[in-house]
Each structure stands twice: as structure tokens, then as C-alpha cells.
Amino acid sequence: MSKVLIIGAGGVGRVVASKCADNPEVFSEIMLASRTLSKCQTIAREVGKGRIQTAQVNADNVPEVVELINRFKPELVINVALPYQDLPIMDACLETGVNYLDTANYEPKDEAKFEYKWQWAYHDKFKEKGIMAVLGCGFDPGVTSIYTAYAAKHHFDELHYLDIVDCNGGDHGKAFATNFNPEINIREITQKGKYWENGKWIETEPHEIKKELNYPEIGTRDSYLIFHEELESLVKNYPTLKRARFWMTFGQEYLTHLRVIQNIGMARIDPVKYKGVDVIPLEFLKYVLPDPGKLGEHYVGETSIGCRIKGIKDGKEKTYYVWNNCSHQKAYKETGTQAVSYTTGVPAMLGAMMVLTKKWNGKGVFNVEEFDPDPFMEKIGEFGLPWQEAANVDLEL
Ligand SMILES: NC(=O)c1ccc[n+]([C@@H]2O[C@H](COP(=O)([O-])OP(=O)(O)OC[C@H]3O[C@@H](n4cnc5c(N)ncnc54)[C@H](OP(=O)(O)O)[C@@H]3O)[C@@H](O)[C@H]2O)c1
């Protein structure tokens with residue numbers, strides 16, 4: 001029986017809140033706080049089952065978060081606001097001695113460069129305080145990292161090649177929309193590509209490397225090599241990896257819109273003066289694009305995300321593929337939001353459950369692959385994200 005504070009009332013916050021409210025035996029009291037109180041109240045009313053309290057907080061402001069934590073006294077803070085808030089919320093957790101969990105690593109607002117170094121630097125402070133921070137517990141990072149840990153534990157003696165494959169085979173009926181926060185999403189996918197090979201990072205131009213990959217129940221989709229944050233911690237935690245890459249599907253229409261957005265300067269993150277006021281074009285763009293949390297109603301099709309791994313077991317080469325397919329419609333019927341928010345929010349809730357029930361233990365800052373994957377893999381299907389696996393199949397990579 002534990003109290004949990006959820007910060008962030010977007011698409012992902014809605015799913016986390018809904019799933020925590022479904023499980024009162026672990027989450028005995030739930031507070032949902034965010035910058036805009038009315039968004040918390042809507043979520044509490046629509047999916048809270050009468051079990052969610054709400055509060056307003058600006059999570060960029062450490063004293064405000066500290067005050068809220070001291071008032072509510074949670075055992076764990078689930079941060080599903082934006083990556084910019086990771087460090088202030090971690091500071092507040094340190095000051096109050098409360099555990100922390102998030103789904104995306106920190107990036108500074110003025111530079112589109114996400115890395116774990118800022119959060120890993122908190123390890124000793126969290127350890128000394130006797131609390132834990134769980135980093136990257138969404139789907140990717142999150143479940144993909146746990147799939148890798150599960151494969152390493154049960155299927156391989158050594159991991160050699162890891163390809164994380166992320167396909168959104170759904171259609172929301174809009175000309176252009178992002179599936180999670182547009183500002184964060186566009187910053188992520190317009191960066192240069194990067195992958196790990198033979199002990200070093202290799203950089204590519206954005207979307208330079210493409211492959212046609214076949215996804216279960218979806219079919220063949222153009223898949224582009226991009227950099228994704230879990231690669232950074234996975235190559236550190238699995239040093240036998242000779243190569244680690246991340247692939248994401250994009251349709252031609254999506255890429256055309258993205259190119260235009262960049263060409264006309266709307267992806268810029270430096271301020272421009274508009275009528276005497278500083279405006280950041282990408283921040284403004286967020287307000288004219290569709291709200292990702294509201295795409296669900298007309299979204300059809302499925303996501304398919306998994307890990308394709310080659311390595312050695314008992315002296316022999318082996319391949320292994322583990323994945324989840326998630327239906328946008330099914331996610332919408334259950335929580336009122338689409339599969340991208342759903343596949344992020346469910347693992348965040350389950351990661352929180354792992355911490356609160358002491359299945360995941362430790363003092364310091366951890367990426368999810370550092371914990372035992374088994375109790376998480378046992379439960380994730382029951383909470384809506386069942387996984388499938390196949391050994392010794394053609395990985396296409
Ligand atoms: N690991 C994964 O698989 C994965 C996948 C998708 C997304 N994510 C991550 O999940 C997080 C949430 O995504 P989302 O799609 O739910 O985003 P979203 O819809 O934009 O929601 C973000 C929420 O955070 C709130 N927020 C922003 N700044 C705040 C501040 N200073 N103080 C308090 N609250 C603040 C926003 O408040 P307002 O409503 O007032 O703006 C909004 O309610 C992001 O960090 C994203 O990167 C992870």
C-alpha cells in the first residue's frame with residue numbers, strides 16, 4: 001500500500017493515472033499534478049475511478065515540487081512531464097528522500113541533445129540518500145531495454161547484435177501529427193542518426209540509412225536508422241554487443257511534412273522576435289499541431305515494437321525476436337488515448353509497481369535493464385502489453 005505522485009497530465013500521464021487507479025492494492029493513494037490543473041481534473045474525472053487527487057505544480061521550480069511532495073508524502077514520484085523537468089524533479093526527490101521514475105532522459109531546452117550523463121551524475125547522491133531513481137521506464141526506452149535484459153538472461157550467453165525495431169502501423173487520419181509531445185518528438189527525429197559498432201559510435205545524416213523491414217500483423221514498412229536513448233545505456237551494460245541500432249518507421253507523407261517544417265524554419269529551437277516577443281518556432285508549432293493525446297478516437301491499426309538479437313548460446317549462433325503489438329483502438333477504448341501513450345504509460349505504472357513492491361531494489365540511479373526482468377515480464381501482458389517471441393528466425397538485419 002503506497003502513495004504515488006504522478007507529474008504530467010498529457011497522453012502518457014492519462015494512461016499512468018488510469019492504470020494506477022485500477023490497482024489500489026499497490027497504489028493506495030494517487031495524486032496527479034501538472035502545470036495545468038484542469039488537465040489533471042479531466043483525467044481524474046474520466047479515468048480516475050474516484051481515486052485520484054489533483055494539484056497544480058510547475059515542475060521546473062524545485063521548491064514547488066518539494067512543497068507538493070512534503071504535503072502529499074508519496075513513496076515514489078512518476079515523472080511523465082517533459083524531459084526538461086527530469087533534473088528539477090530529481091532534485092526535489094533528493095531533497096525530500098523520495099524515489100523517482102521517468103520515461104525519457106534529460107535534455108536541455110536550448111540544445112536538442114539527449115544523453116544520460118546528466119542523470120547518471122546523480123547516482124552517488126541518490127545512493128547516499130538511500131533512495132532510487134529508475135530511468136527510462138516507458139516502451140522505448142523501457143520495455144525494449146527489459147526485453148534485452150530478458151534475452152541476455154534466458155536466451156544468450158553473449159549478445160552480439162541488437163536491433164530495436166519500432167513500427168507504428170497505425171493511421172490517425174490527419175495529414176501530419178506526432179504521436180507524443182510534438183516538440184520533443186520533432187527534436188528527437190530531426191537529429192543525426194547514430195549507432196554503435198565495434199566499440200564506437202557511428203554518426204549518419206538524419207534518415208540516411210533505410211531498410212524495408214517486415215513487422216508481425218502489419219507487413220513491410222520503410223524503417224530508418226535513428227539514434228535512441230536506450231542504445232547509450234544498453235551498450236554500456238552489455239559490453240559484448242558488437243553492434244546496436246534503432247529503427248523507426250516513417251511514411252513518405254510524414255517525412256515530406258517534416259522536411260517542409262525544417263526548411264521553413266519551424267523546427268528551430270532558438271528564439272525569434274515576433275511583435276517584440278521572443279518566440280521559439282518549434283514551441284509555437286506544438287500549439288497548432290494536433291494534440292497527440294487526442295488522436296485516439298479515429299486511430300486504427302497497431303504498433304509493433306521489439307528487439308531482434310543475434311548472439312551465442314551454448315557455443316552456437318542464435319537469433320531471437322521478442323515484440324509486442326498494440327492496437328490503437330483497444331488502447332483508446334480502455335484509456336481514451338492512442339497506443340503510443342498507452343505503450344509508454346503501462347510500463348511506467350508497472351515499473352512503479354516493481355519499485356513499490358520491492359521486486360526492483362537498489363540505492364542510486366538505474367536504467368531498467370539493470371533490474372531482474374522476470375517479474376516485469378511476468379506481469380506486463382496482464383496489464384495490456386502481452387509479448388511474443390521467436391527463436392532462430394530470419395531477423396532481416
Ligand atoms: N519511453 C517511451 O517509450 C516514451 C514514448 C513517448 C513519450 N515518452 C515521454 O513521455 C513524456 C510525456 O509525453 P506526452 O506525450 O504525455 O507529452 P504531453 O502530452 O505533452 O504531456 C506533457 C505534460 O507535462 C506537463 N508539463 C510540461 N511542462 C511542465 C512543467 N514545467 N511543470 C509541470 N508539468 C509540465 C504538460 O503540461 P501542460 O499541459 O500545461 O503543457 C503536460 O500535461 C515525455 O517526456 C515523452 O518524452 C516516452
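Colleague: Is Phe-376 buried or exposed?

Modeller: Phe-376 is buried, with a relative accessible area of 0%. Buried means under 20% relative accessible area, exposed over 50% and partly exposed in between, with a 1.4 Å probe and protein chains only. This is a predicted model, where local features need pLDDT of at least 70, side-chain atom pairs count only at pLDDT 80 or more, and totals for chains, interfaces and linings use all residues. Residues are numbered from 1 along each chain as its sequence is written, and side-chain values use heavy atoms, with hydrogens and water left out.

Colleague: Which ring is Phe-376 stacked with?

Modeller: Phe-376 pairs with Trp-360: the ring centres are 5.7 Å apart and the planes are at 15°, so the pair is stacked. Rings of Phe, Tyr and Trp (its six-membered ring) pair if their centres lie within 6.5 Å; planes under 30 degrees apart count as stacked, over 60 as edge-to-face and the rest as tilted. Trp-360 lies in the loop between α13 and β17 and Phe-376 in helix α14, so the pair ties together parts that are 16 residues apart in sequence. Helices (H or I, at least four residues) and strands (E, at least two) are DSSP runs, numbered from the N terminus.

Colleague: And how many aromatic pairs does the structure hold?

Modeller: The structure holds 16 aromatic pairs. One of them is Trp-360 with Phe-371, stacked at 4.7 Å centre to centre with 10° between the planes. Phe-371 sits in the loop between β17 (364-367) and α14 (374-380), and Trp-360 in the loop between α13 (339-356) and β17, so this pair ties together parts eleven residues apart in sequence. Both Trp-360 and Phe-371 are buried; for Trp-360 the relative accessible area is 1%.

Colleague: Which residues form the aromatic cluster?

Modeller: Phe-114, Trp-196, Trp-201 and Phe-227 form one aromatic cluster.

Colleague: Different topic. Where is Ser-145, and what does Ser-145 touch?

Modeller: Ser-145 is in helix α7, residues 143-154. Ser-145 counts as buried at 1% relative accessibility. Leaving out residues up to four places away in sequence, Ser-145 touches Glu-230, Leu-234, Val-368 and Glu-369. A contact means heavy atoms within 4.5 Å.

Colleague: Which residues of α9 are buried?

Modeller: In α9 these are Glu-230, Leu-231, Glu-232, Ser-233, Leu-234 and Val-235. That is six of the eight residues of the helix (230-237), so α9 is largely enclosed by the rest of the structure.

Colleague: What about Thr-303, which strand is that in?

Modeller: Thr-303 is in β15, residues 302-313. Thr-303 is buried, with a relative accessible area of 3%. Its contacts, not counting residues up to four places away in sequence, include Cys-167, Asn-168, Gly-169, Cys-326 and His-328.

Colleague: Now the whole chain. What is the radius of gyration?

Modeller: The chain has 20 Å; with 397 residues a compact globule would have a value near 21 Å, which agrees. The radius is taken over C-alpha atoms, and the globule rule is 2.2 Å times the number of residues to the power 0.38. The C-alpha trace spans about 55 × 50 × 40 Å along its principal axes.

Colleague: How many helices and strands?

Modeller: The chain has 14 helices and 18 strands. Of its 397 residues, 57% count as buried. Among contacts with a separation of 6 or more, 72% come from residues 24 or more positions apart.
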